[in-house]
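Please look over the sequence and the model shown here, and then read the short report that follows.

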Amino acid sequence: MFSRDAKDEVAGVPVQAACCAATFVRGFMIFGNVEDTAAGPVARISSSRASAARAIIAAARVAGIDAHTDRARSGRRFSMRIPLAHVVRNGFGAAHHGLPVRACCRRTLLRAAFLSCGSVSDPSRGTHLEFFCRSDAAARFVCDLVGRFGLDASIARRRGRPLVYVKHGDAVSMLLGLMGANHAVLRLADQRAVSQTKNSIRRTVNSETANAARAAASAARQRDAALRALATVRAPKMSPALREAARLRIAFPTRTLRELARAARPPISKAAMASRLRLLERMAER
Ligand SMILES: [Zn+2]
């Protein structure tokens, strides 16, 4: 859903400059197919989104390219035909894979790549933007293109075809932003804020759990020591203050140091209670 919305948003970015319009159509050819037909070779460009099909037709019109929608809509993809002769004559054939000189055209090309073979994962399931290419040449081309924006893309294979992907959240947002999918960028940022909050809550809970476990372990150790000290250390060696601390720890095994300190008569500081319990532990060791 997120991916489809992002594609519709990208397709909705108007292609106005003539340079970009030609580049847009060229992009679809780089990531599409060139087929031999009875009427001669045609570049077949296709997309799963009707919005993308409309965008190609509109861009082709601006660029003066003779594009037609295929009458037969295969499966769930919309496809268009562009006579290859026309394309070659205009100097932007699919075979020529140089990156455009103009920055506006590089962004346009990124949009075409995304619309023809790209997708982005739902932000609630992590950040991942990919281009599932038809050929290694197309995959290298996307990598170069992404690289020109200062981002690193990785290549993997899926069902024998190259898959170019970007995983880092910042990189995914930046690519979506470059393509004009501002709404998608905002949704991604929202989701990342939510997961950051969740992570920080998880960290806090984890550290609280760890603290509680540490406190329980030392209380048990103190109680052990108190029992042994009371049983083995004779009265003159053990001051009434220490004896009180031992009894308190034995009586209240789960109380915190602060609570034990308050229960002493007279009440003492937490640090004083800690030092009495340490002393008891040392006595018990002997
Ligand atoms: Zn341009």
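## Confidence in the model

Over residues 88-95 the pLDDT is below 50, and where pLDDT is low, the predicted coordinates should not be read in detail.

This is a predicted model, in which local features need pLDDT of at least 70, side-chain atom pairs count only at pLDDT 80 or more, and totals for chains, interfaces and linings use all residues. Residues are numbered from 1 along each chain as its sequence is written.

Strand 7 (residues 154-158) lies largely in the open, because the number of its five residues that are buried (20 or more other C-beta atoms within 10 Å of a residue's own, with C-beta atoms placed from the backbone) is zero.

Strand 7 pairs with strand 8 (residues 161-166) in the antiparallel sense over five bridges, pairing being defined as at least two bridges found by DSSP. Ala156 has Leu163 in strand 8 as its bridge partner, and in this hairpin, with two residues between the strands, Arg159 takes a positive phi near 50 degrees.

## Buried residues

Of the 286 residues in the protein chain, 34% are buried. Val142 is in contact (C-beta atoms, placed from the backbone, within 7 Å) with Ala113, Phe131, Cys133, Ala153 and Val164, leaving aside its neighbours within four places in sequence.

Methods
pLDDT = per-residue confidence, 0-100. Contact = placed C-beta atoms within 7 Å. Buried ≥ 20, exposed ≤ 12 C-beta atoms within 10 Å, placed from the backbone. Helix = DSSP H or I, 4+ residues; strand = E, 2+ residues; numbered from the N terminus.
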